[in-house]
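This briefing is intended to be read alongside the sequence and the three-dimensional model. The points are grouped by topic.

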Amino acid sequence: MVSEMPLPGLERLLDVCRKHGFSVESSPPGRSIPAAGEMVAGHPFDPVLATVYRRMGGLRIAGKDGELLLHRLDDQVDGLALSTGARRRGTQEPFHSSVAFGCIPDLAYYYAVVPGLADERGLQPVIYINAYAERYVLPVASDVDRFFDTFSRYLDILVADEGYRLDGMRGVDFPSGVPELIARDRRLVEMLGTGRFDFIMNLGDEYRDWFARVKSA
């Protein structure tokens with residue numbers, strides 16, 4: 001029997017969604033989900049994602065504005081391979097070295113793990129990918145459950161935003177508008193400080209201040 005790892009970040013995210021009235025839709029898990037370390041989309045499967053997908057086949061969180069979609073992975077659909085493979089072109093980064101597991105619905109903004117940066121436990125850090133013409137990457141968490149925790153705290157900030165309360169238009173975006181939340185992840189800050197993500201990032205001047213604020217927190 002595969003042991004289950006605790007997912008306090010995911011539990012907090014679901015609790016925050018219930019508290020603030022976000023819609024949460026999940027699908028049943030598949031019967032044959034890859035174990036941690038098995039190959040998914042050409043890379044070893046992240047242990048946190050392996051645990052998540054044994055609990056659910058996919059997840060969609062929505063408020064007044066689209067928020068987060070966890071790609072479907074079950075016996076019928078491998079959404080991680082489909083999402084990653086559709087954008088992987090040879091050695092082009094960031095999709096060559098990452099596996100996209102989620103997105104902002106209907107937009108080319110993705111959340112992905114970077115298997116090559118896994119820690120000693122196999123936990124893979126999370127990056128945010130803007131896949132439009134100005135393509136860039138922002139590191140957002142040292143592992144997937146930490147990403148869920150940080151995103152839940154972003155939702156707490158979002159619902160307090162006056163513009164969002166009035167007409168659903170976000171006055172603060174994730175992750176660009178919340179460097180102070182990202183900086184709470186000390187393991188991630190350590191990785192940034194040692195240049196672990198340098199090979200995959202292509203930041204324009206508008207995000208250098210964000211990057212500096214996270215690293216110096």
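The largest pocket of this predicted model holds about 150 Å³ of space. Its lining consists of seven nonpolar, two polar and two charged residues.

**Largest pocket**
- The residues that line the largest pocket include Ile104, Leu107, Tyr109, Tyr128, Asn130 and Tyr136.
- Arg170, Asp173, Phe174, Ser176 and Tyr207 also belong to the lining of the largest pocket.

**Cysteines**
- The count of disulfides in the model is zero.
- Cys17 takes part in no disulfide, and the nearest cysteine sulfur, that of Cys103, lies 15 Å away.
- Because a disulfide requires two cysteine sulfur atoms within 2.5 Å, the sulfur of Cys103, at 15 Å from the closest cysteine sulfur, in Cys17, is too far for a bond.
- Cys17 is buried, with a relative accessible area of 0%.
- Cys103 is likewise buried, its relative accessible area being 6%.

**Helix α2**
- Helix α2 spans residues 47-55 and is mostly covered, with seven of its nine residues buried.
- The buried residues in α2 are Pro47, Val48, Leu49, Ala50, Thr51, Val52 and Tyr53.
- At the start of α2, a side-chain oxygen of Asp46 comes to within 3.0 Å of the backbone nitrogen of Val48.

**Leu80 in helix α3**
- Leu80 is located in helix α3, which covers residues 79-85.
- Leu80 counts as buried because its relative accessibility is 0%, which falls under the 20% limit.
- Leaving aside neighbours within four places in sequence, Leu80 is in contact with residues including Leu49 and Tyr53, both of which are among the buried residues of α2.
- Further contacts of Leu80 include Val40, Ala41, Phe45, His71, Arg72 and Leu73.
- Val99, Ala100 and Phe101 are also among the contacts of Leu80.
- Leu80 and Phe101 are separated by 21 residues in sequence, while their C-alpha atoms are 5.4 Å apart in space.

- Ser97 is situated in the loop between α3 and β6, the latter comprising residues 99-103.
- At 14% relative accessibility, Ser97 counts as buried.
- The side chains of Ser97 and Glu93 form a polar contact at 2.6 Å.
- Not counting residues up to four places away in sequence, Ser97 touches His43, Val113, Val114, Pro115, Phe199 and Ile200.

Conventions: Residues are numbered from 1 along each chain as its sequence is written. This is a predicted model: local features need pLDDT of at least 70, side-chain atom pairs count only at pLDDT 80 or more; totals for chains, interfaces and linings use all residues. Side-chain values use heavy atoms; hydrogens and water are left out. Buried means under 20% relative accessible area, exposed over 50%, partly exposed in between (1.4 Å probe, protein chains only). On a 1 Å grid over the protein atoms alone, a cavity is a set of points where a 1.4 Å probe fits but cannot get out, and a pocket is an open set with protein on both sides within 12 Å along at least five of seven lines; lining residues have an atom within 4 Å of a point. Grid points are joined across faces, edges and corners, and a volume is the space filled by probe spheres set on the points. Ala, Val, Leu, Ile, Met, Phe, Trp, Tyr, Cys and Pro count as nonpolar, Asp, Glu, Lys and Arg as charged, and the others, Gly among them, as polar. Helices (H or I, at least four residues) and strands (E, at least two) are DSSP runs, numbered from the N terminus. Contact means heavy atoms within 4.5 Å. A polar contact is a pair of N or O atoms within 3.5 Å; within protein, one must be able to donate a hydrogen and the other to accept it, and residues adjacent in sequence count only if both atoms are side-chain atoms.
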